[in-house]
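Biologist: I've got a model open and want to go through it with you. Could you take my questions one at a time?

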Amino acid sequence: MRFALGALLLISLSVAAAEAPLRFVVSDSWAMPMVQIERGRPTQGILHDMMISLATQVGVPAEFHILPRARVQNAMEHGEVDVRCYISASWLPNQSGNYIWSVPLLVQRDLLIGRRGSPDSVNPADLPHQSIGTVRGYSYPTLQSLFDADRLQRDDARNQEQVLEKLLVGRYRYAVSNQWTLDWFNQRLLPDQQLQSVALVHEQTVGCYVRNDPKVPVQRILNTLLQMKMSGEIDDIIRLYTGNGP
C-alpha cells in the first residue's frame with residue numbers, strides 16, 4: 001500500500017512539474033522561406049525551425065497559433081499566445097502589455113522589385129502615380145509619405161508570395177518584397193523570368209518578444225535565443241533555406 005501511495009505521489013509530482021507548451025503566434029501573411037503553412041499548421045521554414053529549436057532547448061513542447069496579422073497583437077495582449085517573432089518595436093507604436101524583448105536576431109531587408117527588363121535602379125519618389133504591390137497590414141515607413149500624398153497607391157495581397165505572383169503576371173510594375181522571399185520565389189523561375197531588385201526600401205533588425213508572465217519561462221527563452229544567435233545557429237538555419245547568410 002505504501003509503495004502504491006509513493007508511486008501515485010511520484011506521478012502527481014511529475015504531472016505538476018510538466019510545463020505547459022510554449023505558444024508561438026504565426027501570422028498567416030508569412031510565406032516561404034519564413035514559414036510554410038500546410039493544412040493549418042507550419043511545417044518548415046526559417047521561423048518554423050527557429051521556434052522548434054527554441055522550444056526544444058527550453059525543454060517544453062512548441063504550440064503554433066496561426067492568426068491573421070490584424071489579430072496577432074490582440075492575441076498577445078489577451079494571453080492567448082506567449083511568443084511573437086520576426087517583429088520590430090518600431091512596428092508596434094501603440095503596444096500595450098508587459099513584454100520583454102530579445103536581442104536582434106534577423107535583418108529584414110525590404111526591396112522594391114520589378115520584372116526582368118526593369119531599370120537597374122529606381123527611386124520610388126520619382127515614379128509616376130501607380131499601384132505598388134504590398135502585403136495587407138504591413139507598414140512601409142519610407143514609402144508612407146508617397147502613399148499619403150497619393151503619388152503611389154497600395155495594392156494589398158494576403159501574403160508576400162501572392163504579391164510576387166501578381167507582379168509576375170503584370171498586375172503592377174513594381175512591388176515590395178523582403179530579400180529572402182524574393183530569392184526563394186526566383187528559385188522556381190527560369191533566368192529570363194526572374195524578378196529583380198531595383199531599390200532598397202528599408203532595412204532593420206527584428207527579433208522576438210515574450211509575454212512577461214510567471215507561467216512563462218521568460219528568462220530561459222531569452223537566454224536561449226541569445227545563445228542561438230551567438231552560436232551561429234540562427235545563421236545556419238537561414239543558410240539552409242536561402243543558401244546565403246544574414
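Biologist: Which helix does glutamine 73 lie in, and is glutamine 73 buried or exposed?

Modeller: Buried means under 20% relative accessible area, exposed over 50%, partly exposed in between (1.4 Å probe, protein chains only). Glutamine 73 has a relative accessible area of 14%, so it counts as buried. The element that holds glutamine 73 is helix 3.

Biologist: Which residues is glutamine 73 in contact with, leaving aside its neighbours within four places in sequence?

Modeller: Contact means heavy atoms within 4.5 Å. With those neighbours set aside, the partners of glutamine 73 are Arg84, Leu92, Gln95, Ser96, Tyr99 and Tyr209.

Biologist: What is the mean pLDDT of the chain, and over which residues does pLDDT stay under 50?

Modeller: pLDDT is the predictor's confidence in each residue, from 0 to 100. The chain has a mean of 89, with 91% of its residues at 70 or more. Where pLDDT is low, the predicted coordinates should not be read in detail. The stretch under 50, with 0 contacts beyond four places in sequence, is residues 1-17.

Biologist: How many helices and strands does the chain have?

Modeller: For scale, the C-alpha atoms fill a box of roughly 85 × 40 × 35 Å along the principal axes. Of the 246 residues, 46% count as buried. Among contacts with a separation of 6 or more, 68% are between residues 24 or more positions apart. The tally of elements is 8 helices and 11 strands.

Biologist: Which cysteines does the disulfide join, and why is it called right-handed?

Modeller: A disulfide is a pair of cysteine sulfur atoms within 2.5 Å, and that rule gives a count of 1. Here cysteine 85 is joined to cysteine 208, S to S 2.0 Å. The disulfide is right-handed because the torsion about the S-S bond of cysteine 85 and cysteine 208 is about 105°.

Biologist: Which strands hold those two cysteines?

Modeller: Both cysteine 85 and cysteine 208 are buried. They link distant parts of the chain, 123 residues apart. Cysteine 85 is in strand 5 (residues 83-87), and cysteine 208 is in strand 11 (residues 196-211).

Biologist: Which residues are the closest to the centre of the largest cavity?

Modeller: On a 1 Å grid over the protein atoms alone, a cavity is a set of points where a 1.4 Å probe fits but cannot get out, and lining residues have an atom within 4 Å of a point. There are 2 cavities of 30 Å³ or more, and the largest has about 180 Å³ of space. Of its 17 lining residues, the closest to the centre are Arg69, Tyr86, Trp91, Gln108 and Tyr138.

Biologist: Which element gives the largest share of the lining of the second largest cavity?

Modeller: About 50 Å³ of space lies in the second largest cavity. Its lining includes Val25, Trp30, Arg69 and Cys85. Strand 1 (22-27), helix 3 (69-77) and strand 5 each give two or more residues to that lining. The largest share, 4 residues, comes from strand 5.

Notes. Residues numbered from 1 in each chain as written. Predicted model: local features only at pLDDT ≥ 70, side-chain atom pairs only at ≥ 80, totals over all residues. Heavy atoms only, no water. 1 Å grid on protein atoms, 1.4 Å probe; cavity = no way out; pocket = protein on both sides within 12 Å on 5 of 7 lines; lining within 4 Å. Points joined across faces, edges and corners; volume = space filled by probe spheres on them.
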